[in-house]
Amino acid sequence: MIKFFYHSSFLLDNKILLDPHDGGSIGLPRPETKADLILITHNHYDHNAYEIIPHKDVKIKYYGEFNYASYTIEGLKAYHDKEKGKRRGETAIYRIVNPNGKLIVHMGDIGHMPDDQILEKIKNPDILMIPVGGVITINALEAKEIIDKLNPKITIPMHYWIKGHFMPLDPLDNFLEVINRKTIEIREKEVDENSIEKGSVLIFKV
């Protein structure tokens with residue numbers, strides 16, 4: 001199961017929480033949840049609010065592979081900009097294999113096209129979470145280029161502007177105009193990924 005807490009924050013199987021924000025500092029609802037493990041892609045205020053979430057363990061911008069419960073997790077180094085981090089620093093891409101063998105990839109705040117070595121490691125994911133809002137990450141067209149290279153079964157766009165958001169990101173519509181995959185909209189915050197048609201873009205409506 002996947003729960004979406006807006007921006008770049010997702011909860012996997014009620015166990016692993018990715019990139020929690022505090023809500024108020026970015027103008028969005030605060031994540032009301034708990035987690036066994038919190039994974040933070042980079043230590044920026046809109047991704048690192050682990051202190052407000054009840055949890056057992058936390059990894060911040062972690063590079064390398066480790067096992068947690070029945071999950072295999074690898075953090076891969078990427079950059080928040082096109083200048084190898086000179087403007088906005090580094091960000092982790094998290095490669096997560098769940099107990100059923102499904103590959104979940106969270107791209108963090110990536111700001112560039114990953115190199116071939118990283119693309120090879122994360123290709124053909126079951127679920128790809130990718131920023132599309134531009135300005136401080138890749139934009140809609142760049143996200144599409146990465147999606148076409150990776151060929152995910154399910155794509156979940158993240159890190160875009162929605163009503164109330166304080167950050168001046170591009171809206172989701174920019175991405176939906178260029179992506180050439182079936183779009184499925186749900187109004188719940190939680191979804192069973194097994195119920196989503198392969199090749200689809202999953203949108204959590206707010």
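The model on screen is predicted.

Strands of a sheet pair through backbone hydrogen bonds, either parallel or antiparallel.

Next, bring in the rest of the sheet. Six strands make it up, and reading across they run S5-S4-S3-S2-S1-S13. The sheet is open, with mixed pairing. Now select residues 57-60 (strand S5) and 190-191 (strand S13), which are the edges of the sheet. Each edge strand has a single partner strand, so one of its sides has no neighbour in the sheet.

Zoom out to the whole protein chain, which holds three helices and 14 strands. Its radius of gyration is 15 Å, close to the 17 Å that the globule rule gives for 206 residues, so the chain is as compact as a globular protein of that length. Along the principal axes, the C-alpha atoms occupy a box of roughly 40 × 40 × 35 Å.

Then show the surface. The accessible area of the protein chain is about 9300 Å², and carbon and sulfur atoms account for 46% of it. Of the 206 residues, 53% count as buried.

Last, colour the charged side chains: 27 are positive and 30 negative. The centres of these two sets lie 1 Å apart.

How values were computed: Residues are numbered from 1 along each chain as its sequence is written. This is a predicted model: local features need pLDDT of at least 70, side-chain atom pairs count only at pLDDT 80 or more; totals for chains, interfaces and linings use all residues. Side-chain values use heavy atoms; hydrogens and water are left out. Helices (H or I, at least four residues) and strands (E, at least two) are DSSP runs, numbered from the N terminus. The radius of gyration is taken over C-alpha atoms; the globule rule is 2.2 Å times the number of residues to the power 0.38. Buried means under 20% relative accessible area, exposed over 50%, partly exposed in between (1.4 Å probe, protein chains only). Accessible areas come from the Shrake-Rupley method with a 1.4 Å probe; for residues, only the protein chains shown count as cover. Lys and Arg count as positive and Asp and Glu as negative; His and the chain ends are not counted. The place of a charge is taken as NZ of Lys, CZ of Arg, CG of Asp or CD of Glu. Two strands pair if DSSP finds at least two bridges between them.
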